[in-house]
Amino acid sequence: MAWITLIAAGFCEVGFVIFLKLSDGFKRLFPSIGFILFGAGSFYFLSLALKEIPLGTAYGIWTGVGAAGSVLLGMLFFREAKDMRRVLFIFCIVAGVIGLKITG
C-alpha cells in the first residue's frame, strides 16, 4: 500500500506543478486553489509512504515521478520542446525510479 500512496504523491506533485503554471503567479483563483489542494495531497501521501519506504528511496521516486510527469505534460499541453534528447532523459529518470523500486 505504501508504494501506491507514493505513486499518488508523485501524481499529486505533477498536479500541483501544473496548477502552479495555470495560476499565473497566483493571479487566478481556481488554479491557485488547485495548487494548494494538490500540494497538500502530495505531501500527505508522501508522509504516509514514508512510514514504510526508506526516505531516500521515497524522495527519489516522488521527485522522479513529478519531474517526468511535469516534463511530459509540459510537452503535451504547454507547447514545450518535444526534442528526442528530452524524451531520452525522461526515460533515464524513469529507469532511475525503477532502479530505486527494485533495490528498495
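A disulfide is taken here as a pair of cysteine sulfur atoms within 2.5 Å, and by that criterion the structure, which is a predicted model, holds zero disulfides.

The largest nonpolar core comprises eleven residues, namely Ala-2, Leu-6, Ala-9, Leu-46, Ala-49, Ile-53, Ala-58, Ile-61, Trp-62, Val-65 and Val-97. At least two residues of this core come from each of helix 1 (2–22), helix 2 (29–49) and helix 3 (55–77), and it is helix 3 that gives the most, with four residues. Among the members of the core is Ala-9, which, when its neighbours within four places in sequence are left aside, is in contact with Ser-42, Phe-45, Leu-46 and Trp-62; of these partners, Leu-46 and Trp-62 are likewise listed in the core.

With regard to annotation, the unreviewed UniProt entry places the feature "transmembrane region" at residues 6–22, 29–47, 59–78 and 87–103. For two of these spans the geometry of the model can be set beside the record. Residues 6–22 are 100% helix and 0% strand, and the C-alpha atoms at the ends of the span lie 24 Å apart. Over residues 87–103 the chain is likewise 100% helix and 0% strand, with a separation of 24 Å between the end C-alpha atoms.

Note on methods. Residues numbered from 1 in each chain as written. Predicted model: local features only at pLDDT ≥ 70, side-chain atom pairs only at ≥ 80, totals over all residues. Heavy atoms only, no water. Core = buried A, V, L, I, M, F, W, Y, C linked by side-chain atoms within 4.5 Å. Buried < 20%, exposed > 50% of the residue type's maximum accessible area, 1.4 Å probe, protein only. Contact = heavy atoms within 4.5 Å. UniProt positions renumbered as here; feature names shortened; annotations may be inferred.
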